[in-house]
Amino acid sequence: MFKECHPVSPRRKKLEILCGLPPEGPPPRLMLVSEPQSVHAARRWVREFVESRLPATSGARAADIELVVSELVTNGIRYGSEPGDSVLVVLDVRPALVRVEVHDPVRRRPRGRAVSHQRARGRGLFIVAALAERWGVEDRPFGKSVWAELAR
């Protein structure tokens, strides 16, 4: 027989243990409007997520996760969506790694550009490749998902 779960303490931590509630903090998914300001919102969300769900993460690794999310969201908004679309960001925490996914509605795959010191843009995938253990693209029924996996 299952024990009915009622709050027995105001402390959330105790409820998490007793009731199996998810930990406090942002959910592992964030839907963003396809506009440049959403990149800032994604960065803030990642910082809060890492602080609450991965408290043992070093500051440098937390910054790496934030930067990868920022680059993938920027690309999703800039190249993988149209005005009025949305992009979905997913953080999947696994024992040895954090998987970042950015889903957008366009099937066109990202491609790296040749290195250029004259261009201010076009370095995002180089940054992702440098910080992630691996990254890739998966086709989805309505678009694609660009993902990266970073060691914890």
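A: Happy to. One term to begin with: contact, or touching, means heavy atoms within 4.5 Å. Also keep in mind that this is a predicted model.

Q: Great. Which residues does Ala 41 touch, not counting residues up to four places away in sequence?
A: Ala 41 touches Leu 30 and Leu 32 once those sequence neighbours are set aside.

Q: And where is the place of Ala 41?
A: Ala 41 sits in helix α2. With a relative accessible area of 22%, Ala 41 is partly exposed.

Q: You mentioned Leu 30. In which strand does Leu 30 lie?
A: Leu 30 belongs to strand β1, which covers residues 29-33. Leaving out residues up to four places away in sequence, Leu 30 touches Ala 41, Ala 42, Trp 45, Val 87, Leu 88 and Val 89. The C-alpha atoms of Leu 30 and Val 90 are separated by 6.6 Å, although the two residues are 60 apart along the chain.

Q: Let me zoom out. How many helices and strands does the protein have?
A: There are four helices and five strands. Read from the N terminus, their order is α-β-α-α-β-β-α-β-β.

Q: What share of the residues counts as buried?
A: The protein has 152 residues, and 39% of them count as buried.

Q: How do the axes of α3 and α4 cross?
A: They cross at roughly 145 degrees and come within 9 Å. Here the crossing is left-handed.

Q: Who meets whom in that pair?
A: From α3 come Arg 61, Asp 64, Leu 67, Val 68, Glu 71, Leu 72 and Asn 75. They meet Gly 124, Leu 125, Ile 127, Val 128 and Leu 131 in α4. Sorted by type, the residues of the contact are seven nonpolar, two polar and three charged.

Q: New topic: His 103. Why does His 103 count as buried?
A: Buried means under 20% relative accessible area, and His 103 counts as buried because its relative accessibility is 13%. His 103 lies in strand β3, residues 97-104. Its side chain makes a polar contact of 3.5 Å with the side chain of Arg 140. Apart from neighbours within four places in sequence, His 103 is in contact with residues including Ser 86, Val 90 and Ser 145.

Q: What about Asp 104, buried or exposed?
A: Asp 104 is buried, at a relative accessible area of 5%. Asp 104 is in strand β3 too. The side chains of Asp 104 and Lys 144 are joined by a polar contact of 2.7 Å. The Asp 104 side chain also reaches the backbone nitrogen of Val 106, at 3.1 Å.

Q: Last one: where does Pro 105 lie?
A: Pro 105 is in the loop between β3 and α4, with α4 covering 124-131. Pro 105 is partly exposed, with a relative accessible area of 36%. The residues it touches, not counting those up to four places away in sequence, are Gly 80, Ser 81, Asp 85, Ser 86, Phe 142 and Gly 143. Pro 105 and Glu 82 are 23 residues apart along the chain, and their C-alpha atoms are separated by 8.6 Å.

How values were computed
Residues are numbered from 1 along each chain as its sequence is written. This is a predicted model: local features need pLDDT of at least 70, side-chain atom pairs count only at pLDDT 80 or more; totals for chains, interfaces and linings use all residues. Side-chain values use heavy atoms; hydrogens and water are left out. Helices (H or I, at least four residues) and strands (E, at least two) are DSSP runs, numbered from the N terminus. Buried means under 20% relative accessible area, exposed over 50%, partly exposed in between (1.4 Å probe, protein chains only). A polar contact is a pair of N or O atoms within 3.5 Å; within protein, one must be able to donate a hydrogen and the other to accept it, and residues adjacent in sequence count only if both atoms are side-chain atoms. Axes are lines fitted to C-alpha atoms, for helices over the stretch in contact, and angles run from 0 to 180 degrees between N-to-C directions. A crossing is left-handed if the near helix is turned anticlockwise from the far one by less than a right angle, and right-handed if clockwise. Ala, Val, Leu, Ile, Met, Phe, Trp, Tyr, Cys and Pro count as nonpolar, Asp, Glu, Lys and Arg as charged, and the others, Gly among them, as polar.
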